[in-house]
Amino acid sequence: MGAQWKAKHKDIAANAKGKLFGKLVKDIMIAARSGADPAANARLRLVVEQARKVSMPKDTLDRAIKKGAGLTGEAVNYERVIYEGFAPHQVPVMVECLTDNVNRTAPEMRVLFRKGQLGTSGSVAWDFDHVGHIEAEPASPDADAELAAIEAGAQDFEPGDEEGTTRFITDPADVDLVSKALPEHGFTVLANQLAYRPKNPVNPANLSPEHLEEVEAFLAALDEHDDVQNLYAGLAG
């Protein structure tokens, strides 16, 4: 779980890929605001590579780029909104939404937080570090993650979400700089983003099985919401 909560067994859900595509389409459209050519837009290039990795249809990918770049005549007005609060049993939560209608999203978040506690801005953020996350894989068998982190200017590193990958942790202002430097030190960047890492995560072992199940159910319900782009929970491990 750690910094970014991942729903368990998401791969067996019938609509899992559709939800993943929906989130990637939003990321693509926002990245494409800075230009429709991935070769000249590093952020767009990374998101496009993520989309191809999960076999997003080419038509869906092309439409998202054109719409985000304003080439279709349709306005794209997604707003990034952060909701803070607690899951059941005082597990801190940061919810990052991308929405085209805050007046719709806000009351829906309040409903989802009824089994927890929705806080005000800053009420939970103090218990998280705002960082850059860079997912990368070694370009050669002898690539050294520790050396690469030092040379590229990352603050730390840890195993990534996928087997064989490394997550480099940076200051938010340095994520692009480190992303550009890592290939020079033996790592291919797969994705990068700004993220939240809990300072004092709750140890799941300190929760009863019933309480942990309640926390998981709460987080899963949040993650199912179409406007939720990223979900960060203060759970260790």
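Begin by selecting helix H7 in this predicted model: its buried residues are Leu 212, Val 215, Glu 216, Phe 218, Leu 219, Leu 222 and Asp 223. Turn the view to look down the axis of H7; the buried residues fall within an arc of 160 degrees, so they line one face of the helix. Next, colour Pro 209, Glu 210 and Glu 213, which are exposed and sit on the face of H7 turned away from its buried side. The 16 residues of H7 should span 22 Å at 1.5 Å a residue, and the end C-alpha atoms are 22 Å apart, which agrees.

The next stop is the largest nonpolar core, which has 21 residues. Select Val 93, Val 95, Leu 219 and Leu 222, the members that touch the most others. Two or more residues of this core come from each of strand E1 (79–87), strand E2 (91–99), helix H4 (102–112), helix H7 (209–224) and strand E8 (228–233). Which element gives the largest share of this core? That element is H7, with five residues.

Now centre the view on Val 95. Beyond residues up to four places away in sequence, Val 95 touches Val 81, Ile 82, Tyr 83, Met 109, Phe 113, Leu 222, Val 228, Asn 230 and Leu 231. Another core, of 16 residues, lies apart from the largest one; select Met 29, Ala 51, Met 56 and Ile 65 among its members.

The tour continues with aromatic rings, for the structure holds three aromatic pairs. Display Phe 113 and Phe 218: their ring centres are 5.4 Å apart and their planes stand at 75 degrees, so the pair is edge-to-face. Phe 113 lies in the loop between H4 and strand E3 (117–118), whereas Phe 218 belongs to helix H7, 105 residues apart. Are these two residues, Phe 113 and Phe 218, buried or exposed? Both are buried.

Move on to Phe 168 and Phe 187, an edge-to-face pair with 5.2 Å from centre to centre and 80 degrees between the planes. Phe 168 is in strand E6 (residues 166–170) and Phe 187 in strand E7, 19 residues apart. Phe 168 is buried, at a relative accessible area of 0%, and Phe 187 also counts as buried, at 2%.

Finally, select Pro 201, in the loop between strand E7 (187–198) and H7. Its relative accessibility of 35% makes Pro 201 partly exposed. Leaving aside neighbours within four places in sequence, Pro 201 is in contact with Gly 234, Leu 235 and Ala 236.

Key
Residues are numbered from 1 along each chain as its sequence is written. This is a predicted model: local features need pLDDT of at least 70, side-chain atom pairs count only at pLDDT 80 or more; totals for chains, interfaces and linings use all residues. Side-chain values use heavy atoms; hydrogens and water are left out. A nonpolar core is a set of buried Ala, Val, Leu, Ile, Met, Phe, Trp, Tyr and Cys residues joined through side-chain atoms within 4.5 Å. Buried means under 20% relative accessible area, exposed over 50%, partly exposed in between (1.4 Å probe, protein chains only). Helices (H or I, at least four residues) and strands (E, at least two) are DSSP runs, numbered from the N terminus. Contact means heavy atoms within 4.5 Å. The expected span of a helix is 1.5 Å times one less than its number of residues. The arc is that of the directions from the helix axis to the C-beta atoms. Rings of Phe, Tyr and Trp (its six-membered ring) pair if their centres lie within 6.5 Å; planes under 30 degrees apart count as stacked, over 60 as edge-to-face and the rest as tilted.
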